Amino acid sequence: TMTAVNLSACLAQRGYRVLLIDADPQGYATLNYDVAVSPSLLEVLRGQATCTETVQTTRFGVDVLPSDRTLSIIEEDLIRQKMNGAPYLNTLEIALDDLSDYDFVIIDCPPSLGLLTINAFTAATEVFIPIQCEYYALEGLSQLLGSIQMIQKHLNPVLHLSTILLTM
């Protein structure tokens with residue numbers, strides 16, 4: 001989250017139009033920019049609000065699509081949609097269709113490979129992985145890389161891994 005927040009602020013400071021999507025139910029990117037939470041990404045993914053209606057501009061020049069802990073219930077919604085025959089793995093990609101004019105869209109994902117992260121990967125063109133320099137994090141990296149390859153093969157052929165950033 002701190003990498004996403006700081007990267008978005010630096011890009012905005014350089015004059016780029018930046019959207020930071022807080023796709024992590026912890027909502028720390030939203031808290032960091034101190035924006036209102038309602039409406040949030042949850043309402044966007046449920047089709048109750050558009051991205052344009054939900055995005056908020058911060059005093060740092062970064063636009064934020066906020067979230068909070070209520071976003072954690074979206075995975076159940078997505079599974080229910082799939083059981084009813086609706087597409088669910090590109091929900092975020094579809095929601096982002098009403099946005100334009102951003103130089104960069106940064107999606108802060110949860111630290112796990114669930115449906116929210118898969119949705120982000122289907123909407124993205126590039127993956128930037130910050131990772132702590134410790135044994136278990138490196139073990140998890142190999143699993144994540146395998147998942148990215150599967151997503152590239154079956155869901156999003158334009159997705160590519162551009163950066164692995166070693167942190168802490």
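Q: Is Y135 buried or exposed?
A: In this predicted model, Y135 counts as exposed, at 56% relative accessibility.

Q: And Y136, buried or exposed?
A: Y136 also counts as exposed, with a relative accessibility of 68%.

Q: How many aromatic pairs are there in the whole structure?
A: A search of the whole structure finds three aromatic pairs. One of them joins Y33 and F60, with 5.7 Å from centre to centre and 65° between the planes, an edge-to-face arrangement.

Q: Where do Y33 and F60 lie?
A: Y33 belongs to helix α2 (residues 28-33), while F60 is in the loop between β2 and β3, so the pair ties together parts that are 27 residues apart in sequence. Y33 is buried, with a relative accessible area of 6%, whereas F60 counts as partly exposed at 41%.

Q: What about the rings of Y135 and Y136, how are they arranged?
A: Their ring centres are 5.3 Å apart and the planes stand at 75°, so this pair is edge-to-face.

Q: Changing topic: how many salt bridges does the search find?
A: The search of the whole structure finds one salt bridge. In it, the side chains of R17 and D63 meet at 3.8 Å, N to O. R17 lies in the loop between α1 (2-13) and β1 (18-22), and D63 is in strand β3 (residues 62-65), so the contact ties together parts that are 46 residues apart in sequence.

Q: Why can such side chains pair at all?
A: As a general point, side chains of opposite charge can pair when their charged atoms come close.

Q: Is D63 buried or exposed?
A: D63 is buried, with a relative accessible area of 6%.

Q: Over which ring does the charged end of R17 sit?
A: The charged end of R17 sits over the ring of Y102, 4.6 Å from the ring centre.

Q: Back to D63 for a moment: which residue stands opposite D63?
A: T57 stands opposite D63 of β3. Strands β2 and β3 pair in the antiparallel sense, over two bridges.

Q: In what order do the strands of the sheet come?
A: The order is β2-β3-β1-β4; these four strands form an open sheet, and the pairing is mixed.

Q: Which strands stand at the edges?
A: The edge strands are β2 (56-57) and β4 (104-108). Each has a single partner strand, so one side of each is left without a neighbour in the sheet.

Q: How many disulfides does the structure hold?
A: The structure holds zero disulfides. For C109, the nearest cysteine sulfur is that of C51, 14 Å away. For C133, the nearest cysteine sulfur is that of C10, at 20 Å.

Q: What are the relative accessible areas of C109 and C133?
A: C109 has a relative accessible area of 21% and is partly exposed. C133 is partly exposed as well, with a value of 48%.

Q: One last topic: how many residues of helix α7 are buried?
A: Helix α7 (residues 115-123) is mostly covered, with eight of its nine residues buried.

Q: Which residues of α7 are buried?
A: The buried residues of α7 are L115, L116, T117, I118, N119, A120, F121 and T122.

How values were computed:
Residues are numbered from 1 along each chain as its sequence is written. This is a predicted model: local features need pLDDT of at least 70, side-chain atom pairs count only at pLDDT 80 or more; totals for chains, interfaces and linings use all residues. Side-chain values use heavy atoms; hydrogens and water are left out. A salt bridge is a side-chain nitrogen of Lys or Arg within 4 Å of a carboxyl oxygen of Asp or Glu. Buried means under 20% relative accessible area, exposed over 50%, partly exposed in between (1.4 Å probe, protein chains only). Two strands pair if DSSP finds at least two bridges between them. A disulfide is a pair of cysteine sulfur atoms within 2.5 Å. Rings of Phe, Tyr and Trp (its six-membered ring) pair if their centres lie within 6.5 Å; planes under 30 degrees apart count as stacked, over 60 as edge-to-face and the rest as tilted. A charge sits over a ring if NZ of Lys or CZ of Arg is within 6 Å of the ring centre and within 35 degrees of the ring normal.
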